[in-house]
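Hi everyone, thanks for coming. Please take a look at the sequence and the structure on the screen, and then I'll walk you through a few parts.

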Amino acid sequence: MRPPRRLLAARCGKWILMLAALAPLLSSHALFFFRTKGRVADTLNGLGGTRVYSTPAEVNGSPGTLSAYAFTGRDAHEVSAVLTKQLKLPPAPRGSGALLTYKDNDRVQRLIVLPSGQGSGDCIALVFDQSLRDAQRNADAPPAWPDGFPPLPGTPRFTAVCANTRTAFASADAHGAPEDAAQEAAAALQAAGWHETPASTPAFRLFSDRNRLCAVFASRDPKTGQTTLSVVQRNGAGGN
């Protein structure tokens, strides 16, 4: 039997709270206006994911929503592999996480699959959902790093911000190996006063600074060789 939603959230502790808060940065928390039907939601539910968070968010400067699904006993690579197969997407790169894009009729959904960072074999999937019209609104204007981010390596390609939960997310093209990109980002965060946690791995780094939390992960596309650096940051306590 699948554990109740509250227990899943509690198990993930501060890590899932930060990532769940990140989800609202693109949508909005409190199970508000999220499309519960559709191939992405059906696939995540079929994999055993439990939706623990949903909130309005600003995605690349346009309206969107963010939802978080928690998985127990399934790691990020396994969930990513099944998602790419069932949604007929290019294979996800092996590594600490995956960033996938799925288009369905008039919707665009970006999926981010992250490990727990605690060696538990669990993971969380974030879904940033927008209408195709909103997704294309600022397509020609490259996004900037969200406010409050220190100077980080790479060129931002995708950002999301949720004012309600004080959470922001950014994904950028970076140079070098994933481990090198993550190390550069770690150095920038440490220079800005952040402290790394013991749960970090070479391509997946976790940081804290008083009541702020930040996750950094990097992966390389197996076809193009491009390294993608993704950063999730939560500032203080957000509302639900």
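I'll start with confidence and then move on to the strands.

Please keep in mind that this is a predicted model. The protein chain averages a pLDDT of 76, and 77% of the residues score at least 70. So where is the mean pLDDT lowest among the elements? That would be helix H1, residues 5-26, with a mean of 42, while helix H5, residues 178-191, has the highest at 93. Over residues 5-37, pLDDT stays under 50, and the model has 139 contacts beyond four places in sequence for that stretch.

Now for strand S5, residues 123-131. Is it mostly covered or mostly open? Mostly covered: 9 of its 9 residues are buried.

Which strands does S5 pair with? One is strand S2, residues 62-71, antiparallel to S5 over 7 bridges. Another is strand S4, residues 107-115, also running antiparallel, with 9 bridges to S5.

Let's look at Ile 124 in S5. Ala 70 has Ile 124 as its bridge partner, and Leu 114 has Ile 124 as its partner too. Further along, Gln 109 is bridged to Asp 129 of S5.

Finally, S4 itself: 9 of its 9 residues are buried. One side holds Arg 107, Gln 109, Leu 111, Val 113 and Pro 115, the other Val 108, Arg 110, Ile 112 and Leu 114, and both faces are covered.

Methods. Residues are numbered from 1 along each chain as its sequence is written. This is a predicted model: local features need pLDDT of at least 70, side-chain atom pairs count only at pLDDT 80 or more; totals for chains, interfaces and linings use all residues. Side-chain values use heavy atoms; hydrogens and water are left out. pLDDT is the predictor's confidence in each residue, from 0 to 100. Helices (H or I, at least four residues) and strands (E, at least two) are DSSP runs, numbered from the N terminus. Contact means heavy atoms within 4.5 Å. Buried means under 20% relative accessible area, exposed over 50%, partly exposed in between (1.4 Å probe, protein chains only). Two strands pair if DSSP finds at least two bridges between them.
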